[in-house]
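Good morning, and thank you for coming.

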Amino acid sequence: MGVMNLIYGYTYILVVVVLLVIPLGTAKEQLRLSTGECENLGFNGLALCSDCHTLAEYVKDQELVSDCLKCCTEDSDDSSSKITYSGAIVEVCMRKLIFYPEIVGFIEEEKDRLPSVKVQYVFNSPPKLIMLDDAGQQKETIRIDNWKREHMLQFLKEKVKPTSAS
């Protein structure tokens with residue numbers, strides 16, 4: 001009797017896995033989130049899917065990477081599709097900084113290496129990067145709650161154009 005229960009158990013698990021995997025593979029559009037849902041998750045602007053894969057290298061939060069992939073735009077083969085920005089703002093609530101020692105470390109020790117990156121303290125704001133275009137307008141917002149200091153530095157070095165006055 002125990003062997004039959006084991007077989008039924010494995011069969012049940014197999015059916016559940018198949019039912020979960022097949023819809024994911026066949027209905028990719030179901031995986032897309034609306035613009036409003038993406039904004040609520042902190043993904044504003046036109047993030048490229050390659051940026052989400054880069055994010056996955058720095059942040060080991062699979063749920064965050066999954067949300068990014070649900071909100072991104074597919075990359076084109078054009079080499080100019082690699083988006084860079086003229087500047088960035090690290091926005092965070094000063095009262096919440098105690099909960100984000102990596103962001104404190106970045107602000108105190110790394111930010112001066114990037115003259116086009118500013119810090120902005122906004123009450124009750126979760127930690128985020130606001131990426132700016134040539135006119136200083138917000139183009140993309142990226143939540144950085146769980147980012148390490150060195151990952152923030154490397155990401156900003158890759159994504160923010162160096163200033164010409166350096």
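This is a predicted model: local features need pLDDT of at least 70, side-chain atom pairs count only at pLDDT 80 or more; totals for chains, interfaces and linings use all residues.

The link is left-handed, with -80° about the S-S bond.

For those new to the subject, a disulfide is a covalent bond between the sulfur atoms of two cysteines.

How many disulfides does the structure hold? There are 3. Another is formed by Cys-38 and Cys-71, whose sulfur atoms are 2.0 Å apart. Because Cys-38 lies in helix α2 and Cys-71 in helix α4, parts 33 residues apart in sequence are tied together. Cys-49 and Cys-72 also form a disulfide, their sulfur atoms 1.9 Å apart. Here Cys-49 is in helix α3, while Cys-72 is in the loop between α4 and β1. With 80° about the S-S bond, this link of Cys-49 and Cys-72 is right-handed.

Let us now consider helix α4 itself, which spans residues 62–71. Its buried residues are Leu-64, Val-65, Asp-67, Cys-68 and Cys-71. Why do they lie on the same side of α4? They cover an arc of only 160° around the axis, which puts them there. On the other side of α4, Gln-62 and Glu-63 are exposed. The cover over the buried residues of α4 includes α2 and α3.

Technical notes
Residues are numbered from 1 along each chain as its sequence is written. Side-chain values use heavy atoms; hydrogens and water are left out. Buried means under 20% relative accessible area, exposed over 50%, partly exposed in between (1.4 Å probe, protein chains only). Helices (H or I, at least four residues) and strands (E, at least two) are DSSP runs, numbered from the N terminus. The arc is that of the directions from the helix axis to the C-beta atoms. Contact means heavy atoms within 4.5 Å. A disulfide is a pair of cysteine sulfur atoms within 2.5 Å.
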